[in-house]
Amino acid sequence: MQIAKMLKAIWKWFSAVFLAVYILCAAALGYMAVAKAAGNPLPTVFGWGKAVVLSGSMEPGLPVGSLLWIRRQDAYSIGDVVTYEDGGTLVTHRLVSVTGDTAVTKGDANNTEDAPIDVKQICGRVAAVWPGVGNILLFLKSPAGILLLLLCGGLILFLPGRLDQLERKGKLL
């Protein structure tokens, strides 16, 4: 019975931490979804936004499927990797020149520079890159990923009660 009590205590601790993280992530994702629906191209939480690399224009530095953490800056320097909005799409390329209110960017793997943009279109500078993590987020946004998240949340919520029932019946260890 000591092992059962220890497992139960560990499970309760794990489930409490997981539930707290689950709720915080759900709240942040909900906020970001509402902000995006309201027209904000790169919603941020505490000044940080995220984007997933979908093309190879910045390879090898930013591999396809990477998660980018983006932070708005007061000013940007030549050489910064920035994310900007272009016709409702987010583009992440390297800043190659700034003249007044006009900026020019270029993908590291591209042969030509992009069309000039207004500096106000820049959403922020890439501050961190997590290779491969973006693919996980894209999966979690899919119907199968949403189902998996709901099942995990349900398991965390209901499994402790079921373990209590089995322990009371003497069927657990």
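1. Order of elements. Along the sequence, this predicted model follows the pattern α-β-β-β-β-β-β-β-α-α. That makes three helices and seven strands. Helices (H or I, at least four residues) and strands (E, at least two) are DSSP runs, numbered from the N terminus.

2. Ground rules. Residues are numbered from 1 along each chain as its sequence is written. In this predicted model, local features need pLDDT of at least 70 and side-chain atom pairs count only at pLDDT 80 or more, while totals for chains, interfaces and linings use all residues; side-chain values use heavy atoms, with hydrogens and water left out.

3. The sheet. Seven strands form an open sheet with antiparallel pairing. Their order is S1-S2-S7-S3-S4-S5-S6. Strand S1 (48–52) and strand S6 (117–118) are the edge strands, each pairing on one side only. Two strands pair if DSSP finds at least two bridges between them.

4. The S3–S7 pair. Strand S3 (residues 81–86) and strand S7 (residues 122–130) run antiparallel and are joined by three bridges.

5. Alanine 51. This residue lies in strand S1. Is alanine 51 buried or exposed? Alanine 51 counts as buried because its relative accessibility is 12%. The cut-offs are under 20% relative accessible area for buried, over 50% for exposed, and partly exposed in between (1.4 Å probe, protein chains only). Leaving out residues up to four places away in sequence, alanine 51 touches Ser66, Leu67, Leu68 and Ile70. Contact here means heavy atoms within 4.5 Å.

6. Overall dimensions. The chain has a radius of gyration of 22 Å, whereas a compact globule of 173 residues would have one near 16 Å. The radius is taken over C-alpha atoms, and the globule rule is 2.2 Å times the number of residues to the power 0.38. Along the principal axes, the C-alpha atoms fill a box of roughly 75 × 30 × 25 Å.

7. Of the 173 residues, 25% count as buried. Among contacts with a separation of 6 or more, 50% come from residues 24 or more positions apart.

8. Surface. The accessible surface is about 11,000 Å², and 66% of it belongs to carbon and sulfur atoms. Areas come from the Shrake-Rupley method with a 1.4 Å probe; for residues, only the protein chains shown count as cover.
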